[in-house]
Each structure stands twice: as C-alpha cells, then as structure tokens.
Amino acid sequence: MSLVGHQPPPIFRRGPAPLVRLIVLVSICLAMLVADIKFRYLEVLRQGLSVVTYPLQMAAAAPADVVRNATLYFATLIEVQLENAELRRTQLGAAQQLLRFEQLKQENVQLRGLLEMAQRVQVRSVGADVLYDAPDPFARKVILDRGTQHGIETGLAVVDARGVIGQVTRVYPVQAEVTLLTDKNQAIPVQVVRNGLRGVLFGTGQGRLEMRFVLAGADIVEGDELVTSGLDGIFLPGLPVATVSSVAREPKDAFASIECEPAAAVEGSTQVLVIGRAALPPPPPQAAPAPPGGR
C-alpha cells in the first residue's frame with residue numbers, strides 16, 4: 001500500500017498554526033494592557049500577587065542583605081572604635097591640662113600670698129618648695145629645696161601665704177629641714193591680737209596647737225587670733241600663727257586648757273617663704289667733740 005499523499009488521522013491534528021496563535025495571544029495581551037491602563041481592573045490582582053510573593057522576595061534578598069549589613073556593621077564598628085580611642089586621648093589630654101591649670105592656679109595663689117607676706121614683713125626672704133616629709137614617723141618635719149647656698153640659716157622662720165608653719169632646724173648645702181609648729185617639741189611665743197596677752201604655743205604632734213601656762217582667769221576666749229610676739233628674737237612680731245578654737249577652765253586647775261587651730265596650712269603647704277632675721281638699726285651718729293677752749 002502506497003503512503004504517498006497519506007494524511008494523518010484527525011486525532012493527531014495540532015490546532016491552528018503557531019503564527020496564528022502568536023497573533024491571537026499578542027492581540028489578547030494588547031487588549032488586556034489597554035484595558036488595564038484605562039480601567040485599572042488588574043490593580044487588586046497585582047497587589048494580591050505582591051503580598052503573596054513578598055516572603056519569597058525577602059528570602060531571595062536575604063543573603064545580599066546579610067552581606068551588606070555585615071560589611072556595614074564591621075566598618076561602623078571599626079570607625080566607632082577609632083573615634084572612641086581618639087575621644088579618650090582627647091579627654092585625657094584635656095583632663096591633664098585641666099589638672100595642670102588647677103595646679104598652676106593654686107601655685108599662683110600661693111605665690112601671690114608669699115609675695116604679699118614678703119612685702120609685709122619687709123625683711124630679706126627666700127622662696128622655697130617643699131620636697132617631701134622628713135623620714136621620721138614621730139616628728140612633723142619637711143625638707144625644702146633651699147640650703148646654705150641660698151642664704152638659709154638655722155633658726156629662721158618659715159611661713160606660707162597665711163602664716164607661720166615652722167622653723168628651720170637643720171641646714172644642708174642645697175636643702176634645709178623645717179620643724180613644723182605641730183611637732184610636739186616645737187614652741188613659739190605668741191600674743192593675743194585683741195588685748196596683747198602673751199603666752200607660748202606648743203605643738204601636740206597631732207596637727208593641733210596648745211597654748212600652755214596661761215592663768216585660768218586670763219582674758220582669752222574662743223576665736224582670738226594669735227600672732228608672734230617677737231620676744232624670742234627669732235620670729236618677727238606680728239606674723240599670724242593660730243586661732244583659739246576652745247578654752248576650758250577647771251576650778252581646781254591654775255591654768256586654762258587652750259587649744260588652737262593653725263592659721264597656715266602647716267602640713268599641707270607646698271610653697272613657703274623663709275624669712276631672714278630683721279637687721280638691727282644703724283647706731284645713731286655720735287656728736288663731734290667740742291674743740292678745746294670753745295665756748
């Protein structure tokens with residue numbers, strides 16, 4: 001049997017030609033596009049599809065977001081660490097400058113006070129810095145950075161901007177030892193500014209002072225200011241020494257118990273003034289002897 005001109009059975013027919021189907025589908029798409037632009041009837045469908053596909057979009061974008069966020073995090077972390085380090089350095093520098101400024105301010109105040117003290121006493125004086133406390137736990141002594149090469153002598157009075165703090169008791173070529181007023185072996189003659197009452201002030205060894213051998217009936221009250229009397233020939237008269245903090249009188253005691261607070265920062269001064277002894281006035285000129293036979 002010849003197969004030439006044989007036609008396939010109808011069951012195997014494939015419908016319209018591909019070109020026809022393409023034209024039909026393109027026409028349908030164009031019609032839907034024009035209708036959607038004009039009537040917006042697919043807007044709800046698009047919104048629904050976007051909601052449904054959103055998790056898929058987020059899952060697909062997650063790896064890229066993780067990489068981008070990690071890069072940004074580490075870059076920001078490094079930048080913040082560098083900024084923190086720079087801020088710490090700046091803060092430390094500012095704190096150091098502030099501390100230095102406060103120290104210079106205190107030193108200037110003390111130096112001004114010392115200059116005023118030097119002008120007030122009107123004698124030769126030497127400025128000095130306190131180096132350290134003397135290595136003796138049972139004494140109140142400090143070491144100065146001035147000695148015999150600077151004119152320091154044993155027995156000279158030492159003051160700060162507010163008053164007397166002690167006396168030079170030992171001298172070296174470039175250093176000097178000062179026994180503070182609060183030392184238990186130190187004494188200084190004083191008088192009350194209000195009425196001129198004289199007495200002797202002793203150190204207690206515990207940062208305070210005590211005025212001893214004052215009669216119980218003496219006119220001295222709390223708040224009286226004590227200054228040097230100058231009777232010992234060492235301390236110039238009129239230098240502030242202490243203020244009376246308490247006065248106790250017992251009927252059975254002949255002397256009053258008088259405690260005083262130092263006027264100066266005896267155990268806290270860093271800049272001091274060593275006051276020299278007052279120079280004796282020159283002797284008066286002697287009158288020339290009368291010539292013999294003069295009238």
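**View 1. Glu177 forms a salt bridge with Lys141, their closest N and O atoms lying 3.7 Å apart.** The pair links distant parts of the chain, 36 residues apart. Glu177 sits in strand 5 (residues 176-180) and Lys141 in strand 2 (residues 141-144). A salt bridge here is a side-chain nitrogen of Lys or Arg within 4 Å of a carboxyl oxygen of Asp or Glu. Strands (E, at least two residues) are DSSP runs, numbered from the N terminus. Glu177 counts as buried at 10% relative accessibility. Lys141 is partly exposed, with a relative accessible area of 23%. Buried means under 20% relative accessible area, exposed over 50%, and partly exposed in between (1.4 Å probe, protein chains only). This is a predicted model: local features need pLDDT of at least 70, side-chain atom pairs count only at pLDDT 80 or more, and totals for chains, interfaces and linings use all residues. Residues are numbered from 1 along each chain as its sequence is written, and side-chain values use heavy atoms, leaving out hydrogens and water.

**View 2. Strand 5 is largely enclosed by the rest of the structure, because five of its five residues are buried.** Ala176, Val178 and Leu180 point one way. Glu177 and Thr179 point the other way. In a regular strand the side chains alternate between the two faces of the sheet.

**View 3. Strand 5 pairs with strand 2 and with strand 4 (residues 164-171).** Two strands pair if DSSP finds at least two bridges between them. Strands 2 and 5 are antiparallel and share four bridges. Lys141 has Thr179 as its bridge partner in strand 5. Strands 4 and 5 also run antiparallel, joined by five bridges. Val168 stands opposite Val178. A hairpin of four residues connects strand 4 to strand 5.

**View 4. The structure holds eight salt bridges.** Among them, Arg146 pairs with Asp145, with closest N and O atoms 3.3 Å apart. Arg146 is partly exposed at 26% relative accessibility. Glu210 bridges to Arg212, at 3.4 Å between the closest N and O atoms. Glu210 is partly exposed at 24%, and Arg212 is partly exposed at 30%. Arg194, Asp219 and Asp224 are linked in a salt-bridge network.

**View 5. Ser229 lies in the loop between strand 9 (225-228) and strand 10 (240-248).** Ser229 counts as buried at 13% relative accessibility. Leaving aside residues up to four places away in sequence, Ser229 touches Pro189, Val190, Gln191, Arg198 and Pro237. Contact means heavy atoms within 4.5 Å.
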